[in-house]
Amino acid sequence: MPIEILPLKESHLEDAAALVCARYRALRERLPLMPSRFEDPDAILPQLRDLAGQAPGVVAMRGSRLAGFLVAYQFPDFRGKPGVYAPEWANGAELEDGRRIYEALYAGLAAQWVDAGYCTHLLSIVANDQDGLEGWRWLGFGLLAADGVRDLEPVQDQGAGVDVRQAGPGDAQQVTNLIEALRQHMAASPTFLHQEDSVEIEETAEQLANPAHALWLAYQGTEAVACMGQGPANPKACTLIDDPGTTSIVSAYTRTSARGSGVASALLNRVLAWGRAEGYERCAVDWEPMNVLATRFWTRHFQPVSYALVRHIDERFGPTAAP
């Protein structure tokens with residue numbers, strides 16, 4: 001049946017939320033440790049209704065059946081450029097024909113974004129939608145970020161005899177040094193991620209005193225050579241991990257001299273043990289795939305949940321500047 005692209009309306013939202021939840025149920029068949037609450041459309045509808053009320057969207061109809069939809073936040077600055085972003089709950093397509101549906105949705109909405117001056121296009125998509133991912137790649141989108149999840153059972157490949165301790169406010173200087181080294185690593189090739197905010201010792205000490213968070217240090221002698229920090233579900237990561245049962249890893253770094261010695265695995269085991277002790281059900285992490293060391297480690301221990309994709313349009317196709 002042919003696809004018809006129409007503007008997204010209030011009358012479409014319940015079906016759109018149901019489509020998101022159907023895709024999520026398929027994800028949970030592969031990853032049953034994911035939160036169950038996102039199988040209920042009521043967990044999606046409020047934020048979907050709010051977004052649809054402030055930004056244009058489109059739906060793909062096959063007769064009277066909603067086969068897909070797309071709507072995105074519009075914001076003035078993503079890495080210095082205006083952009084749009086469709087979270088994983090703000091887009092969806094029938095899994096059986098995801099590529100074709102997404103192609104039609106994007107063709108129907110991208111021109112509106114570009115005409116309004118939004119030439120950076122971002123979206124997140126559930127990791128089990130391989131047909132949809134392939135479609136977005138052929139539309140020119142590249143991988144920007146990944147989210148993963150795992151259970152809290154220990155990993156098996158940790159190095160023997162690694163000295164790991166929980167950091168406290170008195171360790172703020174060592175932690176700050178490691179986080180600054182992480183920032184430099186992320187700014188270097190091939191990641192090239194610029195971060196505006198500097199690391200302040202006072203802020204680090206305050207975070208280390210927060211009982212809802214934990215940061216672990218690995219030592220070689222008296223020197224802390226690696227760290228891994230965790231807390232409740234990361235609000236900056238994908239919505240699908242946002243659950244009271246999720247503990248998120250929010251920082252991790254190992255100095256060059258300590259890499260390959262099992263230090264990161266030992267730190268991860270402390271993260272998982274703390275999660276078990278605190279009553280969490282799962283552990284999540286998000287990372288930049290172009291950070292190749294991180295990708296090698298996280299994909300060894302975590303299952304992908306969602307991918308964030310990005311495309312930059314030539315700005316000469318945007319609105320003509322006023323004379």
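Guide: Let's settle one word before we look: a residue is buried when its relative accessible area is under 20%, exposed when it is over 50%, and partly exposed in between, using a 1.4 Å probe and protein chains only. What you see is a predicted model, in which local features need pLDDT of at least 70 and side-chain atom pairs count only at pLDDT 80 or more, while totals for chains, interfaces and linings use all residues. Residues are numbered from 1 along each chain as its sequence is written, and side-chain values use heavy atoms, with hydrogens and water left out.

The score pLDDT is the predictor's confidence in each residue, from 0 to 100. Here the chain averages 93, and 98% of the residues score at least 70. Helices (H or I, at least four residues) and strands (E, at least two) are DSSP runs numbered from the N terminus. Confidence is lowest in helix H6 (residues 201-208), with a mean of 87, and highest in strand S13 (residues 282-287), at 98.

Now to your charged pairs. Side chains of opposite charge can pair when their charged atoms come close. A salt bridge means a side-chain nitrogen of Lys or Arg within 4 Å of a carboxyl oxygen of Asp or Glu, and the structure holds 17 of them.

Start with Asp129 and Arg23, whose closest N and O atoms are 3.0 Å apart in a salt bridge. This pair links distant parts of the chain, 106 residues apart: Asp129 sits in the loop between strand S7 (120-126) and helix H4 (130-138), and Arg23 in helix H1 (residues 13-30). Both Asp129 and Arg23 are buried.

Another salt bridge joins Glu94 and Arg62, with 3.6 Å between the closest N and O atoms. Glu94 is in the loop between strand S6 (91-93) and helix H3 (98-115), while Arg62 is in strand S2 (residues 57-62), 32 residues apart. Glu94 and Arg62 are both buried.

Compare that with Lys81 and Glu315, a salt bridge with its closest N and O atoms 3.2 Å apart. Lys81 lies in strand S5 (residues 81-86) and Glu315 in the segment after strand S14 (303-312), so this pair ties together parts that are 234 residues apart in sequence. Lys81 counts as partly exposed because its relative accessibility is 36%, and Glu315 is partly exposed at 46%. There is also a network of salt bridges linking Arg37, Asp243, Glu281 and Arg282.

Arg62 brings us to the sheet that holds S2. Two strands pair if DSSP finds at least two bridges between them. This open sheet of 4 strands has the order S1-S2-S3-S6, with antiparallel pairing. Its edge strands are S1 (4-7) and S6, each pairing on one side only. S2 is joined to strand S3 (residues 65-71) by 6 bridges, and the two run antiparallel.

Finally, look at the nonpolar surroundings. A nonpolar core is a set of buried Ala, Val, Leu, Ile, Met, Phe, Trp, Tyr and Cys residues joined through side-chain atoms within 4.5 Å. The largest has 87 residues, and Leu48, Trp136, Leu240, Ile249 and Trp298 touch the most other members. Contact means heavy atoms within 4.5 Å. Leaving aside residues up to four places away in sequence, Trp136 touches Leu70, Tyr102, Tyr106, Leu123, Ile125, Phe141 and Leu309.
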